[in-house]
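Let's take a walk through this model, a few spots at a time. Keep the viewer open as you read.

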Amino acid sequence: MKSDIHSVYKLLSSVAFQDWIKNPTEDTDRFWEEWQDEDPKRKQQVKQAKALASSIDFKKTSSEDIRKELIFKRIQHSINEDKEEPAPDGFKVHNTQVKSDSSRILMKWAAVFIGLLIMSGIYYFAFNNNNITHTTAFGETRNITLPDGSEVKLNGNSSLSHSEAWDSGEERSVWLEGEAYFTVKHLGAQQKFIVHATSDFNVEVLGTEFNVLNREGKTKVVLSSGKVMLNLQNETKAERLQMAPGEMAEYIHNDQVLTKKEVDPMVYTSWRNNRLIFDDTSLLEIKSILESTYGLTVRIEDKSLLEKQVYGSAPSNDISLLLKGLERSLGNQILIEGKIVTIK
């Protein structure tokens, strides 16, 4: 089975995946095994990503050498994709066809090199020894103060990476996997603050408060105050979208679709105050929160319940109280056995 090269490189650029490869634990092993079980294609992608990651000695290999090795492998993969069966003997190709094929190949290589520029930036950041990475376990939250004095609250099963220090006038960049609430400090030098969610999508601000959720192929940005600019730029499209307070933007990674709508920010940011608010929230959304943030496996006996809308609130820092509150709001029995939650 040929895997999707974009998916393999997306895995390699994931801080959570890197941590798992370098320092596997029982919890992270279980998480990645379950993630692979959800889609058979993922097993091949993880296999290739692990093989590539394990071939690099991070202690002995410089960032430049790493980039060269990854670039070589990607070019090699692209060359293999371009190979075609030889034409039969005696078959002649007209000059117009040759020109067409040459143009097609040039366009493909142009796209490849644009991608390489993006990926080299990711790997320079990911493996630079001067970077700091903060991680949280399932159900854990952590308060972080960045080098510029900006504040971040990191939600469960999340990671945030950034440089050890930012020079005056330098762009302030952070990389997020999972969910975090940002209170960005406005600096007189008008230094941009960039939250990178994927290689082609980021959130650009000067000073504001906002929430970013980057999981399961989607990035959601909810703005509490100030203004932010969303930047989408890849080989095929470029788009900028400005947000105002009370708006939520959602980016679907695979489809490269960016949308925006009005919401109540408190519903999406209440977790930072140790509460979860359910306001016309589907059980499907709640299932995703319980699994991705708390590491639970949620089984729902009646699949029609997935579309049921839930109203109410519950504490987010105590999983047993959270599930009891959900049971009252949902009106269905919830059974707990270890990390397996069954909703009847």
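In which sense do strands β7 and β10 pair, and over how many bridges? Strand β7 (residues 201-205) pairs with β10 in the antiparallel sense, over five bridges; two strands pair if DSSP finds at least two bridges between them. Val228 in β10 is the bridge partner of Val205.

Before going on, some housekeeping. This is a predicted model, where local features need pLDDT of at least 70 and side-chain atom pairs count only at pLDDT 80 or more, while totals for chains, interfaces and linings use all residues. Residues are numbered from 1 along each chain as its sequence is written, and side-chain values use heavy atoms, with hydrogens and water left out. Helices (H or I, at least four residues) and strands (E, at least two) are DSSP runs, numbered from the N terminus.

Back to β10 (residues 228-233): five of its six residues are buried, meaning under 20% relative accessible area with a 1.4 Å probe, protein chains only. β10 also pairs with strand β11 (residues 238-243), again antiparallel, over six bridges. There, Leu232 has Glu239 in β11 as its bridge partner.

Now jump to helix α9 (residues 319-330). Its buried residues are Leu322, Leu323, Gly325, Leu326 and Leu330. Down the axis of α9 they fall within an arc of 160°, so they line one face of the helix; the arc is taken from the directions from the helix axis to the C-beta atoms. Among the elements covering them are α8 (283-294) and β16 (309-315), by contact, i.e. heavy atoms within 4.5 Å. Just after α9, Gly331 takes a positive phi of about 80°.

How values were computed:
Buried means under 20% relative accessible area, exposed over 50%, partly exposed in between (1.4 Å probe, protein chains only).
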